[in-house]
Amino acid sequence: MNRSHRISCIYGIVASMILACLFPLSLVGCQQTQALAGQSSSPEQTQEEIEPAVKRATLTQLRAAAALEGEAGEDALEEEEEEQAEAPLVEPEEDDPEPVAASRQSSSAATTVVSSPKTDTATATVVTTEVTVETAGEETDAGEDSAGETAEDSNAGESAGEAQDTASDSTSADSTSTGSTSDSAASDSSSDSVASDGSSDTASDSSSDNVSDSAVSDGSSDSAGSDSTSSDSASSDSTSSDSSSSSSSSTTTVTQLVYRGNTLSILPTVDVNTYDTSCFTYYGSSLCRYTGAGYTSMVGVDVSKYQGTIDWDKVAASGVEFAIIRVGYRGYTAGSVNLDSQFYTNIEGALAAGLKVGVYFFSQAITTAEAKEEAQFVLSAIQGYNVTFPVAFDWEHIGTASARTDNVSRSTLTAMANTFCSTVQAAGYQTSVYFYTDLGYMSYNLEDLPYSFWLCQYSTVPTFYYNFDMWQYSSTGTVPGISGSVDMDLYFIPTT
């Protein structure tokens with residue numbers, strides 16, 4: 001038996017075995033159809049279920065035949081494996097987050113429900129508040145001054161006591177009253193006196209022989225001492241009171257943003273939006289131009305497989321100057337990375353029509369490792385193409401219970417954007433972070449992103465407080481060469 005005859009026999013055996021495998025599968029399919037009467041089934045799904053089983057059976061039988069027939073069987077096995085390796089990997093598309101994000105009804109990025117974040121008309125209001133600030137240093141100085149004044153008052157009190165003593169001595173010498181009367185005067189004197197020294201001297205001078213007088217004198221001295229202590233306490237209270245009342249304060253002005261009820265600190269290191277809202281001009285069906293000082297602008301579109309087959313020559317002839325093309329996406333449930341089925345057709349068609357080209361990846365990353373994986377996926381896909389516009393990181397909230405990204409924190413999201421952009425930038429491309437207003441204010445730390453921003457705000461003029469380099473101004477644009485609606489973008493180029 002020659003080689004070709006042996007191979008023919010092998011293929012005959014394999015074909016018989018495949019038919020034997022398929023016959024039971026068809027019986028099972030009929031039974032399932034009867035059991036599920038009234039429920040619709042997709043022919044495509046049935047085919048997708050059968051084909052992998054057939055391929056697995058084919059390889060299994062070829063391996064068995066190869067073991068029996070030696071070299072001829074191995075040749076047949078290699079041919080079949082090569083054919084399967086060339087078949088493209090088709091990922092499930094129901095996990096694509098972009099259409100879900102576009103149609104969702106709420107955003108988990110903010111504390112207030114938003115009907116649709118991309119069409120949200122809420123703007124941030126600049127609020128100026130006057131705040132009173134106490135100056136701590138002046139409190140200490142006031143305390144020291146008060147203490148000095150208290151000491152001076154005490155010295156003055158002692159002088160007054162001495163003067164009282166002199167007056168009491170003179171009265172005692174001239175008086176014809178009894179000692180007890182003089183003692184009474186002394187007692188009054190000591191009560192009125194601030195210093196205890198004065199009252200003690202008066203009592204001694206006035207009563208030399210009367211024991212009772214001496215007792216009165218002692219009582220006068222104690223009373224004076226008590227008064228002196230009370231005076232010290234009062235001085236202490238005075239110091240505290242003076243310190244409090246003399247503390248100075250100043251008024252300063254604080255400027256903040258209020259966005260949908262949330263008060264936000266203004267980020268001093270992030271450039272502010274300076275575009276003149278009176279300089280946006282619309283023409284044609286959906287095109288826009290900025291005519292303000294300091295910038296020129298270019299109008300473009302961003303597309304994905306959802307725009308279908310595009311006639312890029314018509315797009316270019318309509319006045320569109322650039323295209324941002326989706327490379328792919330990460331699924332929002334399983335988290336697999338997928339290539340946009342129209343990416344290569346779109347990028348080649350746009351470049352051939354003479355348009356400037358940038359790309360974006362619709363991310364659903366939850367770690368920086370996944371963000372880096374996405375960046376590397378994009379770099380591999382665009383290798384060899386003339387991508388001169390930004391490579392953008394487009395991460396969005398999905399807002400469904402099954403989304404893997406629902407609990408991503410602000411710091412993690414910012415770190416992922418940094419990882420994606422730094423990886424792309426290191427490869428020599430421009431890079432950008434895409435966000436709508438709600439995401440920019442509430443979910444990113446913009447001060448930690450040293451990259452250009454691509455703002456999504458569907459309105460006639462952009463009102464986002466901070467600066468951005470590209471503005472997605474509509475999702476309902478109409479452009480010749482593209483069936484249905486398309487996203488419209490304006491790119492700002494500084495002239496100075």
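Predicted model: local features only at pLDDT ≥ 70, side-chain atom pairs only at ≥ 80, totals over all residues.
Q: Is Val254 buried, partly exposed or exposed?
A: Val254 has a relative accessibility of 30%. Buried residues are under 20% and exposed residues over 50%. Val254 therefore counts as partly exposed.

Q: Against which elements do the buried residues of H11 pack?
A: The buried residues of H11 include Glu370, Ala371, Val378 and Ile382. The buried residues of this helix pack against strands as well as helices. The elements are strand S7 (322-330), helix H10 (343-352), strand S9 (356-363), strand S10 (391-395) and helix H12 (410-426).

Q: Which residue with a positive phi follows H11?
A: H11 ends at residue 382. The phi of the residue that follows the helix is positive, near 95 degrees. That residue is Gly384.

Q: What geometry does the ring pair of Phe322 and Tyr491 have?
A: The whole structure holds 29 aromatic pairs. In the pair of Phe322 and Tyr491, the ring centres are 6.2 Å apart and the planes stand at 65 degrees. Planes over 60 degrees apart meet the cut-off, so this pair is edge-to-face.

Q: How many residues apart in sequence are the parts that Phe322 and Tyr491 tie together?
A: Phe322 lies in strand S7, whereas Tyr491 lies in strand S14 (residues 486-494). Phe322 is buried, at 0% relative accessible area, and Tyr491 also counts as buried, at 12%.

Q: Where does Phe468, the ring partner of Phe492, lie?
A: The rings of Phe468 and Phe492 have centres 5.9 Å apart and planes at 70 degrees, so they form an edge-to-face pair. Phe468 is buried at 0% relative accessibility, and Phe492 is buried at 2%. Phe492 belongs to strand S14, and Phe468 lies in the loop between strand S12 (452-456) and strand S13 (470-477).

Q: Which residues do ring pairs link into a cluster with Phe468 and Phe492?
A: Phe468 and Phe492 are themselves a ring pair. Ring pairs link both into a cluster with Tyr275, Phe280, Tyr282, Tyr290, Tyr295, Trp471 and Tyr473.

How values were computed. Residues numbered from 1 in each chain as written. Heavy atoms only, no water. Helix = DSSP H or I, 4+ residues; strand = E, 2+ residues; numbered from the N terminus. Expected span 1.5 Å × (residues − 1). Buried < 20%, exposed > 50% of the residue type's maximum accessible area, 1.4 Å probe, protein only. Contact = heavy atoms within 4.5 Å. Phe/Tyr/Trp six-rings, centres within 6.5 Å; stacked < 30°, edge-to-face > 60°.
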